[in-house]
Amino acid sequence: FQPADTHRKIPKRAIVSPGSGGTTYSSIDAAANARYASGPSLSASHASMESMSSATSSSHAGAPRALGEGSHIRVVAPSSPFDADAFALGIERLRTRFVVSHRSDLFGRAGFLAGDDERRATEILDALADPTVDVLVAARGGYGATRILGRLDVDRIARAGKPIVGFSDVTALHALWARAGVPSMHGPMVASLGRADPPLVERWM
């Protein structure tokens, strides 16, 4: 694949959308001269887990983890709750090639959110801090990621150097990862993989 424009600048106010989970748009502050490491994300139709290891990061970020068979995926739920059956099948498919883990409170609910803001933010911070975790993959998009942006530290994301995978509402986190100079992947999430046709699952892997 060809990385997106490596010289694209993030505007001072970067507008992000929760995607299919709602029509509300939110904004995050971004450094006026910050640059994407390898574009804000890697398209799922042109990238795989292995290809992410070849993306370069900015000088202030840790080296991206090399990803492949046996890599440790930490599943996070930064947005809305998810279908349990689709999630279980997605996990089963991922475990044919990767080590997969998640916190016991992943299935939490708080109205239209997968738990309160504190739960969803600390789940991501825990994944970043765990030295055994190689990549974060969202369980589902929907709505809610923009609510926790202020709780996530850009420097911590940069030091961890761990990609995040997702789309829809997770676009807000892609913008934050880009600000940190860490590659990310715009692609299907765990519940989506549970409903996807085998060829798409294989391409994701």
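This is a predicted model: local features need pLDDT of at least 70, side-chain atom pairs count only at pLDDT 80 or more; totals for chains, interfaces and linings use all residues.

Me: What share of the contacts with a separation of 6 or more comes from residues 24 or more positions apart?

Reply: A contact means heavy atoms within 4.5 Å. Among contacts in the protein chain with a separation of 6 or more, residues 24 or more positions apart account for 73%.

Me: Which strands pair with β6, and in what sense?

Reply: Two strands pair if DSSP finds at least two bridges between them. Four bridges join β4 to β6, which run parallel, and Val76 stands opposite Ala138 in β6. Val137 has Val165 in β7 as its bridge partner. The β6 and β7 pair has two bridges, and its sense is parallel.

Me: What is the handedness of the crossover from β6 through α3 to β7?

Reply: A crossover is right-handed if, with the strands pointing away from the viewer, the path from the first strand over the helix to the second runs clockwise. The chain crosses from β6 through α3 to β7, and this β-α-β crossover is right-handed.

Me: Are the side chains of Val135, Leu136, Val137 and Ala138 in β6 buried or exposed?

Reply: In a regular strand the side chains alternate between the two faces of the sheet. In β6, Val135 and Val137 point one way and Leu136 and Ala138 the other way. All four are buried.

Me: Which residues touch the most other members of the largest nonpolar core?

Reply: A nonpolar core is a set of buried Ala, Val, Leu, Ile, Met, Phe, Trp, Tyr and Cys residues joined through side-chain atoms within 4.5 Å. The largest one has 26 residues, and the elements that give two or more residues to this core are α2, β6 (135-138), α3 (154-160) and α4. Leaving aside neighbours within four places in sequence, Leu136 has contacts that include Ile124, Leu128 and Trp177. The residues touching the most other members are Ile124, Leu128, Leu136, Leu152, Leu173 and Trp177.

Me: Why is α4 described as largely enclosed by the rest of the structure?

Reply: The buried residues of α4 include Leu173, His174, Leu176 and Trp177. The helix is followed by Gly181, whose phi is positive, near 80 degrees. α4 is largely enclosed because the buried residues number eight of its ten.

Me: Where is Ser168 found, and what is its phi?

Reply: Ser168 is found in the loop between β7 (164-166) and α4 (171-180). Ser168 counts as buried, at 9% relative accessibility. Its phi is a positive value in a residue other than glycine, near 60 degrees.

Me: How many aromatic pairs are there, and how are the rings of Phe82 and Phe107 arranged?

Reply: Rings of Phe, Tyr and Trp (its six-membered ring) pair if their centres lie within 6.5 Å; planes under 30 degrees apart count as stacked, over 60 as edge-to-face and the rest as tilted. By this rule the count comes to five aromatic pairs. The rings of Phe82 and Phe107 have centres 5.6 Å apart and planes at 55 degrees, so this pair is tilted.

Me: Which parts does the pair of Phe82 and Phe107 tie together?

Reply: Phe82 is buried, at 10% relative accessible area, whereas Phe107 is partly exposed, at 44%. The pair ties together parts that are 25 residues apart in sequence, because Phe82 lies in the loop between β4 (72-76) and α1 (84-94) and Phe107 in the loop between β5 (99-101) and α2 (117-129).

Me: How is the pair of Phe87 and Phe107 classed?

Reply: Phe87 lies in helix α1 and is buried, at 4% relative accessibility. Phe82, Phe87 and Phe107 form one aromatic cluster. With centres 5.5 Å apart and planes at 85 degrees, the pair of Phe87 and Phe107 is edge-to-face.

Note on methods:
Residues are numbered from 1 along each chain as its sequence is written. Side-chain values use heavy atoms; hydrogens and water are left out. Buried means under 20% relative accessible area, exposed over 50%, partly exposed in between (1.4 Å probe, protein chains only).
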